[in-house]
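Hi everyone, thanks for making time. Let me put the model up on the screen, and then I'll walk you through the parts I'd like us to look at together.

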Amino acid sequence: MDLRKDMRDKRQRLWLSLARRGNEDAFRRLYGELFRPVAAYVHGRVNNPQDAEDVTAQVFRNFLRHLDRYDSDKGSVMTWTLTMARNAVIDQLRRARPQAVDVDDLAEQLAGSHIGPLNRLVRDEELQAIGRHLARQPADIREMFALRFEQGLRVREVAEVMGLSPDAAKQRFARTIRKLQLQLRDEDKGIGQSKGESPCAATD
Amino acid sequence: MRGDRLNRNLDRLYRQPVGDLQQRQALEEELLHRYRQTHPRHRRWLMLLNPWNKTARFAVVGLALMLLAVGACTTETSTQIQAGQQGHIALKMSGSSADKSLEFEAQEQITDFISSQPGVEELNVSVREFIDDAGTVTADISLMIWGENLDAEALSAAIQAEFPHLDAADISFEPLSTTITESLFDRFGRQVFNIETEGSSAEEIRTQILQQLAAEGFTGDAQVEVINGDGTQEIKIMLEETIED
C-alpha cells in the first residue's frame, strides 16, 4: 500500500467531484496536478514539440468535456487521464503515420523515448546498465516500465492504461524485473557476455 | 542487485525534469474559460465545500458558528430545577378556643420563622384542620417554601430547635421540583452567570450584579456597565480573574 498515492487518488477524486459541481478552484488544482504527468507522457512519445503541445491541450480539452463521465469505480483520476493521453498519442501517431493502423505498430513510440537519450547522460554505470537492458526489452514492456516509473503508477494502474488484465501485467512486470536482476548480477560478475547470452531478450 | 535498489535506480532513470513547459499557463487560461462556459456560475456556490479553499474554510466555520448561535437562541430545552421544599407540620391542638387562638399565634410564629431562614425567597402557607372521633383537632400546616438549594434537614432541625413544643409534631419535607423551558442560550447564561437583577437604576443593578458575582465565589475584578436606552437596557459585564497554577 502506497499511502502517498492513496492520498493523491483521494484528493484528485474529491477535486474532480467538486469541479463537476462548478468549483473552479478544484478544477484549477486538479489541472495543476495532472498537467505535469500528462505533458511528460505526451512529450516523451510525440517527437515534435509543437505536436506534443497540441496533443497535451487536446487531452485536457477532452478531460474537461468528459468531466461528468469519470467513474471512480473504474480507477483513479490519474489513470483515467493518462488513458486519455495514451489514446490521444495513438491518434496523433496515426495521423502522422497513416500507414500504421494497428496499435502494435505504434508500440515503439508508446514505449517512450526517455531511456535512450537519458541513458547517454547518465554517468552512473549501474544506471547505464539498467538503461541498456531495458532498451532491449520489447516495446510493450518498456511502455509498462515507463508508466510504472516515469508516471509513478501502480502495476494495476499500468494495466488499466494499457488495457491489460492486472494479473497479466503483474506477471510480466515481475518476470522482467527478475530477468533484469539476473542480467545485472551476471554483468557484475563479467560472465554475461562471455556465456554468449542475449541479455534481456523478449520476456514473453 | 536487490529489488528495492533496482526500483530506486529505475525511479532515478525514468524521473527526469520535464522541459520548459510554458504551455501550462496558457492552456490553464483556455481551460478555465471553457470551464466557466460549461459550468455556469450558479453551480459554483458549492465551492464552499472545497476544504482546500481558505476563504471557504473561514466561511463554513463562520456559518456553522452563526447557525449554532441562532440555534442556541431559538432551540428550547427543558430543565428540571429544584425550586424549594414542600413541608407538612401536623400539629395536635386542644379543643378550647383560647388554646386555639394561642396555637394559631404559634402557627404564625412558625411561618414567620421559616420566612426568615436563609435562602427562603417566598413562603405559601395553608392550614387545614382535622377532627377525629375522640374530638382531637389536628392542624396540618402545609408549607410551600420557595428558594434554591434549601436543606430540608437543616430547616426541620431549625424549626424544632426554635419551637421545642413541636417535638411531638410530625414534620416532613419533600423537594419542590419544577420544569422550566428556556432557550439553550438562556440556560447557558443562567448556569454560567446565575445572575438575576431587579431594580430600576443603573447603580442598583450594578451593585446587585457585583454582589451576586461575589456570592458565586468570583474574586477577580469586575466592571459592570448599565446602559439604559429607549425602552431597552443593556448590561455589559467584564470579568477579569488571574488563575494561579
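Let's start with the buried residues of α8(A): these are A:I141, A:R142, A:E143, A:M144, A:F145, A:A146, A:L147, A:R148, A:F149 and A:E150. Buried here requires 20 or more other C-beta atoms within 10 Å of a residue's own, exposed is 12 or fewer, partly exposed is in between, and the C-beta atoms are placed from the backbone. Helices (H or I, at least four residues) and strands (E, at least two) are DSSP runs, numbered from the N terminus. Just after α8(A), A:G152 has a positive phi of about 70 degrees.

A quick word on what you're looking at. This is a predicted model, in which local features need pLDDT of at least 70 and side-chain atom pairs count only at pLDDT 80 or more, while totals for chains, interfaces and linings use all residues. Residues are numbered from 1 along each chain as its sequence is written, and chains are lettered from A and ligands numbered from 1 in the order in which they are written.

Now the core. The largest nonpolar core has 52 residues, and A:L30, A:V38, A:V42, A:V59, A:A85 and A:V89 are those with the most contacts inside it. Such a core is a set of buried Ala, Val, Leu, Ile, Met, Phe, Trp, Tyr and Cys residues joined through C-beta atoms within 7 Å. Helix α2 of chain A, residues 24–43, gives this core its largest share, 11 residues. What does A:V38 touch, leaving out residues up to four places away in sequence? The list is A:T56, A:V59, A:T81, A:L82 and A:A85, where contact means C-beta atoms, placed from the backbone, within 7 Å. There is also a second, separate core of 12 residues, and B:I89, B:L91, B:I114 and B:I171 are among them.

On to helix packing in chain A. Helix α1, residues 3–20 of chain A, packs on α2(A) at an angle of about 140 degrees, with their axes 8 Å apart. That makes α1(A) oblique to α2(A). For the bookkeeping, axes are lines fitted to C-alpha atoms, for helices over the stretch in contact, and angles run from 0 to 180 degrees between N-to-C directions. Under 35 degrees counts as roughly parallel, over 145 as roughly antiparallel, 65 to 115 as roughly perpendicular, and the rest as oblique. The crossing of α1(A) and α2(A) is left-handed; that is, the near helix is turned anticlockwise from the far one by less than a right angle, with clockwise being right-handed. On the α1(A) side we have A:Q12, A:W15, A:L16, A:L18 and A:A19, meeting A:A26, A:F27, A:R29, A:L30 and A:E33 of α2(A).

While we're here, have a look at A:D25, which lies in helix α2 of chain A. Is A:D25 buried or partly exposed? A:D25 is partly exposed, with 17 other C-beta atoms within 10 Å. From A:D25 to A:W15 is 10 residues in sequence and 8.6 Å in space, C-alpha to C-alpha.

Next, helix α3 (residues 49–65) of chain A packs with α4(A) at about 135 degrees, their axes 9 Å apart, and these two are therefore oblique to each other. This crossing is right-handed. Helix α4 of chain A, residues 77–96, also packs with helix α9, residues 155–162 of chain A, at about 40 degrees, with axes 9 Å apart. That crossing is right-handed too. A:T79, A:L82, A:T83 and A:R86 of α4(A) make the contact with A:E157, A:E160 and A:V161 of α9(A).

Finally, chain B, which has seven helices and six strands. Buried residues are 10% of its 245. Strands β2 (residues 122–131) and β3 (residues 137–146) of chain B pair antiparallel over 10 bridges, pairing being at least two DSSP bridges. B:S126 is the bridge partner of B:S142, and B:L123 stands opposite B:I145. The two strands form a hairpin with five residues between them, and B:G135 in the turn has a positive phi of about 85 degrees. As for cover, the count of buried residues among the 10 of β2(B) is zero.

How values were computed:
Two residues are in contact if their C-beta atoms, placed from the backbone, lie within 7 Å.
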